[in-house]
Amino acid sequence: MKKILVVDDSALMRRVLCDIINSDKRFQVQDRAVNGKEALELLSRKSYDAVVLDVNMPQMNGLELLEELRKRKISAKVMMASTDTREGAKTTMDALELGALDFVHKPNNAMDCRDENFKDRMLNVLSVVADSNPPVFTKAITREEVKTSKKIIELVGRHASAVSGNKIVALASSTGGPKALQSVVPRLPKNLKAPVVIVQHMPAGFTASLAERLDTLSEVRVKEAAEGDMLEAGTVYIAMGGKHLNIRPSGGRYTIRYTDQPTREGVRPCANYMYESLQDSKFDQVVCVVMTGMGADGTEGIKNLKARKKIHVIAQEASTCAVYGMPKSIVTSGLSDQIVPLDQIAQEIIMNVGVK
């Protein structure tokens, strides 16, 4: 049985969240805290399988607690559950950057938390977080560091400039993905010879903030993919939350199209649709990248794509994943051409698609 710490300043909300967690035989609420200060004291001397953390609290809020845990190198698997996590997509990005693994939007009214949809979503996210690898305290890459650290580009530049062909990079990620993408996208050069399309499992309203944050850190242009966007080399397109992204031919070029098909693999956007939409494309090669995440999204799509197209598949190496689900499925299915640690994924993308 997984031991859980619940941190929330509302007595009623604490009781409701604890009831939900204790209703599932996989979990047991071990302790409760009314603010980050109390939680820090508990986390300094005890370990839990997961922490359910509110954002807005007196004395020490959720983000301040995450900062303290990071400073003190206290490893905790944290799931954010806050009313802030919907309106404050920036707050959510801050939390994920500081080490939270995932989040769930908590209704404003404690009684609405008893809704079955919320209970199912919360228990599913809690299960993934509790089974994930503890966060590794690495410093987020900054734009300045990218500019001054050109060794990768120099090392691969000679080879990459000789790479020919019209290619596309199609990347899939889920739990742990927003943080992991900060180790990949900012390391891509603006003269990359291919567009990059990313399906990151996130609800509607959060992917624009993710794209904005990555754009401020990167040389490449990063944007939330809009309906009708024409794909351009050296630009990174992040699929909009809540819709399925497809890549379609249009006048000799390729464009983004969204559909409202049902969830697949339990998610929307689903990477399988993205990969399958490339089956009839005229790209010489599709470079598929599968990173941290629960489940098997990407495997079926890549399998179907491989039957029709030349592909090269890069899977993230297990020890560098928050959750080794999606890459593991790729590897065990025999689809991976390379298994690469997180900090080397960017250079392998560059080596495979080339630079102008």
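User: Where does Lys73 lie in this structure?
Analyst: Keep in mind that this is a predicted model. Helix H3 covers residues 62-71 and strand S4 covers 78-82. Lys73 sits in the loop between H3 and S4.

User: Is Lys73 buried or exposed?
Analyst: The cut-off for exposed is over 50% relative accessible area. Lys73 has a relative accessible area of 59%, so this residue counts as exposed.

User: What is the phi of Lys73?
Analyst: Most residues other than glycine have a negative phi. Lys73 isn't a glycine, yet its phi is positive, at about 55 degrees.

User: How does Glu265 count, buried, partly exposed or exposed?
Analyst: Glu265 lies in the loop between S11 and H11, and it has a positive phi of about 55 degrees although it is not a glycine. Anything from under 20% is buried and over 50% is exposed, with partly exposed in between. With a relative accessible area of 43%, Glu265 is partly exposed.

User: Which ring does Arg264 lie over?
Analyst: For a charge to sit over a ring, CZ of Arg has to be within 6 Å of the ring centre. Arg264 is at 4.8 Å from the ring centre, over the face of Tyr273.

User: How many disulfides does the whole structure hold?
Analyst: Two cysteine sulfur atoms must be within 2.5 Å to count. The sulfur of Cys270 has its closest cysteine sulfur in Cys288, 14 Å away, which is too far for a bond. A search of the whole structure gives a disulfide count of zero.

User: Are Cys270 and Cys288 buried or exposed?
Analyst: Being under 20% relative accessible area makes a residue buried. Cys270 has 0% relative accessibility, so Cys270 is in the buried class. Cys288 is at 0% as well, so this cysteine also counts as buried.

User: What kind of aromatic pair do Phe103 and Phe206 form?
Analyst: The structure holds two aromatic pairs. In the pair of Phe103 and Phe206, the rings are 4.7 Å centre to centre, with 50 degrees between the planes. Planes under 30 degrees apart would be stacked and over 60 edge-to-face. That angle makes the pair of Phe103 and Phe206 tilted.

User: How many residues apart in sequence are the parts that this pair of Phe103 and Phe206 ties together?
Analyst: Phe103 is in strand S5 (residues 102-105), while Phe206 is in the loop between strand S7 (196-200) and helix H10 (207-217). Phe103 is buried at 4% relative accessible area, and Phe206 is buried at 5%. The pair ties together parts whose separation in sequence is 103 residues.

User: What radius of gyration does the protein chain have?
Analyst: Here's the overall picture. The chain comes to 14 helices and 14 strands, and its C-alpha trace spans about 60 × 45 × 35 Å along the principal axes. A compact globule with 356 residues would have a radius of gyration near 21 Å. The chain agrees with that, at 20 Å.

User: What share of the 356 residues counts as buried?
Analyst: The chain exposes about 14,900 Å², with carbon and sulfur atoms supplying 47% of it. The share of the 356 residues that counts as buried is 57%.

Definitions and conventions
Residues are numbered from 1 along each chain as its sequence is written. This is a predicted model: local features need pLDDT of at least 70, side-chain atom pairs count only at pLDDT 80 or more; totals for chains, interfaces and linings use all residues. Side-chain values use heavy atoms; hydrogens and water are left out. Rings of Phe, Tyr and Trp (its six-membered ring) pair if their centres lie within 6.5 Å; planes under 30 degrees apart count as stacked, over 60 as edge-to-face and the rest as tilted. Helices (H or I, at least four residues) and strands (E, at least two) are DSSP runs, numbered from the N terminus. Buried means under 20% relative accessible area, exposed over 50%, partly exposed in between (1.4 Å probe, protein chains only). A charge sits over a ring if NZ of Lys or CZ of Arg is within 6 Å of the ring centre and within 35 degrees of the ring normal. The radius of gyration is taken over C-alpha atoms; the globule rule is 2.2 Å times the number of residues to the power 0.38. Accessible areas come from the Shrake-Rupley method with a 1.4 Å probe; for residues, only the protein chains shown count as cover.
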